[in-house]
Structure formats: C-alpha cells, structure tokens
Amino acid sequence: QVQLVESGGGVVQAGGSLRLSCAASGRTFSSFAMGWFRQVPGKEREFVAAITLSGISTYYADSVKGRFTISRDNAKNTVYLQMNSLKPEDTAVYCCAADPRDFYYGDYESVRIYDYWGQGTQVTVSS
C-alpha cells in the first residue's frame, strides 16, 4: 500500500506558474513509477505527465509539453509537477498516481495501470 497526498494547487492568472507536490507514504516510493492526471467535471480523467521510478524517463501530454515538467525526489518520497505558462484550459483537479510495475505494460497514459491515487488538488487559472 502507498498513500498519496497532493498539495500546491490554487488560483493563478493566465501565464502564471504553480508547482504541485505529491507526497507518498507507506511502501518504498522509489519502487513506483508516477503519473499526474487531471479532471474537470463531466469529463474523463486526462493524462498529464509521467515519470519512471528511476526518474530517467519522462512523458507528457501534447497539451502541456514545453510548459510542464515532472520530476521526483526519491529521498523525499515526493513527485512534483512544475506548471508554467498556465492557460485557463489547464483548470482542473490534478491527481497523482502510482504504478508498481514501472510502466511495464507501456501504457503510462492509461488510468488502468495505476494502482494508487491521491485525492487531488484544485488548480484554477483565470483569464
């Protein structure tokens, strides 16, 4: 088992920045690949970014590539999402998720491969 708690959300103007954190407790954090997803009411959860357990490989949705950066600090049991040049369409609840198989099945964009989820943190970008 691993527990995930997100923080760092808030309200920001378009063009601004936020850094989200996802703190893990329970099983060894370094044994999980991690992902960030976002969701708005009435829509399915959307993949944002992912990182392998080593931190060597990262993946991004086209909509955030070049603006968002995922990183992890295994010593602090935390994964981060640095969000720059925010747009109103980035408004959503952002959740982190953990995959104990290090994306073995390759489909890091799929919600199905993640075993553990946090509750989420709200990000609101005003125009």
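## Charged side chains over aromatic rings

In this predicted model, Arg45 lies over the face of Trp117, at 4.4 Å from the ring centre.

Another arginine, Arg67, is found in the loop between strand 6 (58–60) and strand 7. Because its relative accessibility is 10%, Arg67 counts as buried, and the side chain of Arg67 reaches the backbone oxygen of Ser63 at 2.9 Å.

## Aromatic pairs

A pair of aromatic rings is described by the distance of the centres and the angle of the planes. The model holds 10 aromatic pairs. In one of them, the rings of Phe32 and Tyr116 have their centres 5.8 Å apart and their planes at 80 degrees, and the pair is therefore edge-to-face, the term used for planes over 60 degrees apart. This pair links distant parts of the chain, since Phe32 belongs to the loop between strand 3 and strand 4 (33–39) and Tyr116 to strand 10 (residues 116–117), 84 residues apart. Both Phe32 and Tyr116 are buried.

Phe37 and Tyr114 form an edge-to-face pair as well, with 5.2 Å from centre to centre and 80 degrees between the planes. Here too distant parts of the chain are linked, with Phe37 in strand 4 and Tyr114 in the loop between strand 9 (92–99) and strand 10, 77 residues apart. Phe37 has 0% relative accessibility and so counts as buried, and Tyr114, at 4%, counts as buried too.

## Strand 9 and its partners

Seven of the eight residues of strand 9 are buried, so this strand is largely enclosed by the rest of the structure. Strand 9 runs antiparallel to strand 4, to which seven bridges join it, and within that pairing Cys95 of strand 9 is the bridge partner of Phe37.

Strand 9 is also joined to strand 11 by three bridges, again in an antiparallel arrangement, with Val123 in strand 11 as the bridge partner of Ala92. Two further bridges join strand 9 to strand 10, and these strands likewise run antiparallel; in this pairing Ala97 stands opposite Trp117.

Four strands form an open sheet in the order 1-3-8-7, and the pairing is antiparallel. Strand 1 (2–7) and strand 7 (68–73) stand at the edges with a single partner strand each, so one side of each is left without a neighbour in the sheet. From one strand to the next, the twist averages 15 degrees.

Inside this sheet, six bridges join strand 3 (residues 18–26) to strand 8 (residues 78–83), and Ala23 stands opposite Thr78 in strand 8.

In soluble globular proteins, nonpolar side chains tend to be buried together. The largest nonpolar core of this model has 38 residues, and those with the most contacts inside it are Leu4, Met34, Trp36, Leu81, Met83 and Tyr94. The elements that give two or more residues to this core are strand 1, strand 3, strand 4, strand 5 (46–51), strand 7, strand 8, strand 9 and strand 11 (121–126).

Note on methods: Residues numbered from 1 in each chain as written. Predicted model: local features only at pLDDT ≥ 70, side-chain atom pairs only at ≥ 80, totals over all residues. Heavy atoms only, no water. Pairing = 2+ DSSP bridges. Axes fitted to C-alpha atoms, helices over the stretch in contact; angles between N-to-C directions. Phe/Tyr/Trp six-rings, centres within 6.5 Å; stacked < 30°, edge-to-face > 60°. Buried < 20%, exposed > 50% of the residue type's maximum accessible area, 1.4 Å probe, protein only. Lys NZ or Arg CZ within 6 Å of the ring centre and 35° of its normal. Core = buried A, V, L, I, M, F, W, Y, C linked by side-chain atoms within 4.5 Å. Polar contact = N/O pair within 3.5 Å; in protein donor to acceptor, adjacent residues only side chain to side chain.
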